[in-house]
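I opened a new notebook page for this structure. My entries follow in the sequence I made them.

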Amino acid sequence: MKFGTKAIHSGLIDDPITGAIIPPIYQTSTYAQKAPGDHKGYEYSRTQNPTRTALEKNIAAIENAKHGLCFSSGMGAIDAVIKLLNPGDEVIANNDLYGGTYRLFANVFSKYGIKFHFVNMETLEVAASLVNDNTKVFWVETPSNPMMNITDISAVSMLAKKASALLVVDNTFASPYLQNPLDYGADIVLHSATKYLGGHSDVVMGAIAISNDELAEKVAYIQNSCGAIPSPHDCFLVQRGIKTLHLRMERHCENAKRIIDFLSNHQRIGNLYWPGLDSHPNHQVAKNQMRDFGGMISFTLKDATLEATSSVVSKTQVFTLAESLGGVESLIGHPATMTHASIPKEEREKVGVVDALIRLSVGVEDVEDLRNDLNQALS
Ligand SMILES: Cc1ncc(COP(=O)(O)O)c(C=O)c1O
């Protein structure tokens with residue numbers, strides 16, 4: 001099946017009672033057993049719930065994976081993956097991760113003896129030089145949040161395989177419609193489903209897709225043991241969101257291209273970060289591994305004071321000033337004080353997250369309104 005068909009049909013339940021075409025919200029914590037162990041495949045809703053199973057199958061299908069696993073947030077999913085590791089293990093991650101991922105790695109898991117290296121992965125020399133017997137995971141966000149850096153998934157996958165390490169790709173920015181990392185050699189693909197998968201800014205959730213049975217079993221064990229699972233109602237919302245993922249992504253990409261044209265010609269704009277630009281250092285890699293370039297754009301203002309930047313992000317009326325991304329409505333953000341505030345200033349500035357940086361999540365509204373809104377905010 002092609003993407004749109006899988007997004008709409010995968011994971012559906014053939015409801016034996018009513019024939020309902022949408023999986024019911026099984027708002028139940030437990031399931032009756034005829035005798036101990038004699039049940040219909042469901043025992044307790046932390047372990048499994050039919051509404052969640054339907055969504056997990058759907059996410060596996062659109063990521064070309066065998067298994068899907070859903071969590072109460074993207075951070076819950078990331079937490080579960082790192083719990084595969086032991087003290088002494090090392091992770092090589094790209095150095096411009098979402099601030100919350102950096103915080104979890106640097107401030108929480110480091111305490112438990114896991115070592116994290118944060119490096120630029122646009123080229124892989126530095127990452128390769130850090131590989132040693134303890135290297136167990138390569139962690140890649142591509143496109144990265146918020147600098148839109150692109151990492152060559154196939155190339156890191158080769159490096160990871162040589163090191164007998166796992167490659168995890170956070171695919172939140174691209175969404176499965178634009179990029180399927182498992183097809184390029186990743187072992188685990190991860191999403192903040194809060195973003196494009198849900199698509200309507202009304203739910204917080206995380207998701208993982210894996211093809212290897214043994215690895216999926218290990219993550220499911222952690223999912224059940226640690227318990228960061230989503231509610232059946234949230235699973236219903238995300239499954240509903242995914243049904244229009246292909247339609248929404250097409251419009252996000254189309255609108256982003258028009259906004260890029262506008263920003264490229266505006267005299268107040270300094271640097272523009274978007275993988276679809278010919279000038280992007282890894283534009284060719286993006287072209288190879290992505291189907292289009294997505295709806296996320298970052299840019300700097302030439303008059304680079306915090307006041308000037310703050311004034312622009314506070315003046316938009318169609319773009320809402322808010323954290324998060326990937327919903328139908330356009331959002332504008334100031335990474336230095338919002339999504340990436342948990343990264344020390346010196347660290348974030350090294351990778352380009354300066355005070356003058358603005359991030360747009362271009363929504364699916366009429367693009368003329370988006371352009372006019374940015375124009376008035378920049379004037
Ligand atoms: C790339 C990326 N990964 C993971 C997360 C964490 O996801 P959540 O907010 O659903 O916990 C985010 C959140 O913004 C993100 O942007």
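**Strands**

I began with a facing pair: Glu 141 stands opposite Asp 170 in β5. I took strands (E, at least two residues) and helices (H or I, at least four) as DSSP runs, numbered from the N terminus. Strand β4 covers residues 135-141, and it pairs with β5 in the parallel sense over 5 bridges. Two strands count as paired if DSSP finds at least two bridges between them.

Next I looked up the cover on β5. Buried means under 20% relative accessible area, exposed over 50%, and partly exposed in between, with a 1.4 Å probe and protein chains only.

**Ground rules**

I noted that this is a predicted model, where local features need pLDDT of at least 70, side-chain atom pairs count only at pLDDT 80 or more, and totals for chains, interfaces and linings use all residues. Residues are numbered from 1 along each chain as its sequence is written, and side-chain values use heavy atoms, with hydrogens and water left out.

**Ligand**

Which residues come nearest to the ligand? I found Gly 74, Asp 170, Ser 192, Thr 194 and Lys 195, out of 13 residues around the ligand. A residue is near if one of its heavy atoms lies within 4 Å.

By class, I listed 4 nonpolar, 6 polar and 3 charged residues in this shell. Here Ala, Val, Leu, Ile, Met, Phe, Trp, Tyr, Cys and Pro are nonpolar, Asp, Glu, Lys and Arg are charged, and the others, Gly among them, are polar. Helix α3 (residues 74-82) gives the most to the shell, with 3 residues.

Then I checked N and O atoms. Asp 170 has a polar side-chain atom 2.7 Å from a nitrogen atom of the ligand. In Thr 194, a side-chain N or O atom is 2.6 Å from a ligand oxygen. Met 75 places a polar backbone atom 2.9 Å from an oxygen atom of the ligand. Alone, the ligand exposes 390 Å², and the protein buries 91% of that. These areas come from the Shrake-Rupley method with a 1.4 Å probe.

**Rings**

I searched the whole structure and got 8 aromatic pairs. Rings of Phe, Tyr and Trp (its six-membered ring) pair if their centres lie within 6.5 Å; planes under 30 degrees apart are stacked, over 60 edge-to-face, the rest tilted. Phe 105 and Phe 116 are stacked, because their ring centres are 4.5 Å apart and their planes at 10°. Phe 105 sits in helix α4 (residues 99-108) and Phe 116 in strand β3 (residues 115-119), so the pair ties together parts 11 residues apart in sequence. Phe 105 is buried at 0% relative accessibility. Phe 116 is buried at 12%.

Last, I traced a cluster: ring pairs link Tyr 102, Phe 105, Phe 116, Phe 118 and Trp 139.

Methods: A polar contact is a pair of N or O atoms within 3.5 Å; within protein, one must be able to donate a hydrogen and the other to accept it, and residues adjacent in sequence count only if both atoms are side-chain atoms.
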